[in-house]
Amino acid sequence: MEFNNTLELEHNLLPVVLQMELFGVQIDEPILKSLEQQLKLLRQNVYDNISIYSNEININSGEQLSKLLFEELQIEPQTNKKTKKGLYPVDKNHLESLKGKHQGKHQIVAEILKYRKIESLLKFCSKLNNINPITKRLHTNFNQNGTATGRFSSSKPNLQNIPNPTIKEDTTDELLILESQFRKLFIPAKGCCFIGADYSQIELRITAEYSQDPFLLKAYSQNNTDIHILTASEIFKLPVSQVTDEQRKIAKSINFGLIYGKTEFGLAEDLSRITDKPHTKEDALAIMTDYFNRFDKVKQCLDGLISFADKYGYSQTLWGRKRPIPELASNELRIREKGKRLAMNSPIQGSAADIIKMAMIACKNAVKNKNLKSRLVLQVHDELLFEVPKNEVEIMKQLIREEMESVVSLSVPLKIDLKVGRNWREVH
DNA sequence: CTTCTCACG
DNA sequence: ACGTACGTGAGAAGG
């Protein structure tokens, strides 16, 4: 199934995308309606609570909100940054740091965060309401070449950003529970199940492929070990069994940072958040230097991706998908730095997009060859969702795993996580 | 039309 | 002195 160029790939993918768009996905409308009602009631309660501090405020207006909090109520800002209008920002991060400092004193901050969350969830309700009257299903647009890197985008409605919160069994957070209901609204047709299959750490596996770093290659060939724990054990020079949860989180932050081109400044912020103690960018740089000394092939690989893009003016995936990076030729340092991050990230993100696109074609062909009725309904970057008649579940489990894991052959195995269930939430 | 905010991978 | 992690879509506000 491997393609020599992405034009051929996209050409063969077109009918798969068309079929997904036309087929659509079923939504549990009665539960959607009840979810919407609950959220509207909650919003009214929260609005009443906020009205104690200020009636007539439009909570959706950042400008009005900033003036209320930092001018009228004289709350101490936790940042020196200001928006272009000279006001203190009211984004979630800033509000959350206020909530910590002013516990009890300014209940309003917590209520505002709640209000915002409810508003955002209600928007998801309204977009899921656009059921097609003829098919009785919800149809999105999958924009096949919708991104700079080769990924799809999804629009009208966007079904690639449906809430997917991680949630503890014993949580009592009412809003979090409501938020976790959204993927339950996506249900299979009568007589069918869903099968969800997502690639496990595909971008880091691609980093292993590009870098040929012996540690990453080995880490991914022994399939069941947690890559972040292994990385932590190398960085902190500890046996795997002695790696703490905090050390694993730091390693995870570094691993993700590789893919995005994280700077020491960004890592320092992560370190402070993870350990709950302040860390300077010098601390972070020390850890990064250490990491790149230990994994010098990774360092060479990232540098190589930058010089390639510098030389040719574009970056390229493992299957030849190109992205122009004019930023590297900018006169401004800041833009050139951005260009370097794009040069590191685009081949990795783009190669992952190539792989899942090839897998979509492979799955569709295999289903057709076996005369099965199963259908692909959604793609969310590294995840595929299939609607499967109940009598095809066993054969489809095998088929999907086989096609997705062997669609291309890299130096490390590809692995998917696969689940069967009665709604989207259950299969993720 | 731009900015801000917030949802996803 | 500046900004600081990649890729998206969408709605509200404000001009």
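Helices (H or I, at least four residues) and strands (E, at least two) are DSSP runs, numbered from the N terminus. A residue is near a molecule or strand if one of its heavy atoms lies within 4 Å of it. The model is predicted: local features need pLDDT of at least 70, side-chain atom pairs count only at pLDDT 80 or more, and totals for chains, interfaces and linings use all residues. Residues are numbered from 1 along each chain as its sequence is written, chains are lettered from A and ligands numbered from 1 in the order in which they are written, and side-chain values use heavy atoms, with hydrogens and water left out.

**Surface near DNA strand C**

- DNA strand C is surrounded by 30 residues, of which Asn58, Ser61, Lys156, Tyr260 and Leu342 are the closest.
- Helix α14 gives the most to this surface, with six residues.
- At least two residues each are supplied by α3 (62-72), β3 (153-155), α11 (264-275) and α14.
- The surface near DNA strand C has four nonpolar, 15 polar and eleven charged residues, where Ala, Val, Leu, Ile, Met, Phe, Trp, Tyr, Cys and Pro count as nonpolar, Asp, Glu, Lys and Arg as charged, and the others, Gly among them, as polar.
- Sugar or phosphate holds 72% of the atoms of DNA strand C within 4 Å of the protein, and the rest belong to bases.
- A phosphate oxygen of DNA strand C lies 2.7 Å from a backbone N or O atom of Lys156.

- Of the atoms of DNA strand B that come within 4 Å of the protein, sugar and phosphate account for 86%.
- Helix α5 (residues 107-128) provides the largest share of the surface near DNA strand B, four residues.
- By class, this surface has five nonpolar, seven polar and eight charged residues.
- The side chain of Lys92 places an N or O atom 2.9 Å from a phosphate oxygen of DNA strand B.
- A base nitrogen of DNA strand B lies 3.0 Å from a polar side-chain atom of Arg151, whereas for Arg183 a side-chain N or O atom is 3.5 Å from a sugar or linking oxygen.

**Packing of α13 and α14**

- Two packed helices are described by the angle between their axes and the distance between the axes.
- Helix α13 (residues 296-312) packs with helix α14 (residues 333-369) at an angle of about 110°, and the axes are 8 Å apart.
- This angle makes α13 roughly perpendicular to α14, a term for angles of 65 to 115 degrees.
- Leu302, Leu305, Ile306 and Ala309 of α13 make the contact with Lys340, Ala343, Met344 and Pro347 of α14; contact means heavy atoms within 4.5 Å.
- The residues of this contact comprise seven nonpolar, no polar and one charged.

**Two buried serines**

- Ser211 is found in helix α7 (residues 202-211) and is buried at 6% relative accessibility, the term meaning under 20% relative accessible area (1.4 Å probe, protein chains only).
- Beyond its neighbours within four places in sequence, Ser211 contacts Leu216, Lys297, Val298 and Cys301.
- Ser253, in helix α10 (residues 245-260), is buried with a relative accessible area of 8%.

Methods:
Buried means under 20% relative accessible area, exposed over 50%, partly exposed in between (1.4 Å probe, protein chains only). Axes are lines fitted to C-alpha atoms, for helices over the stretch in contact, and angles run from 0 to 180 degrees between N-to-C directions. Angles under 35 degrees count as roughly parallel, over 145 as roughly antiparallel, 65 to 115 as roughly perpendicular and the rest as oblique. A polar contact is a pair of N or O atoms within 3.5 Å; within protein, one must be able to donate a hydrogen and the other to accept it, and residues adjacent in sequence count only if both atoms are side-chain atoms.
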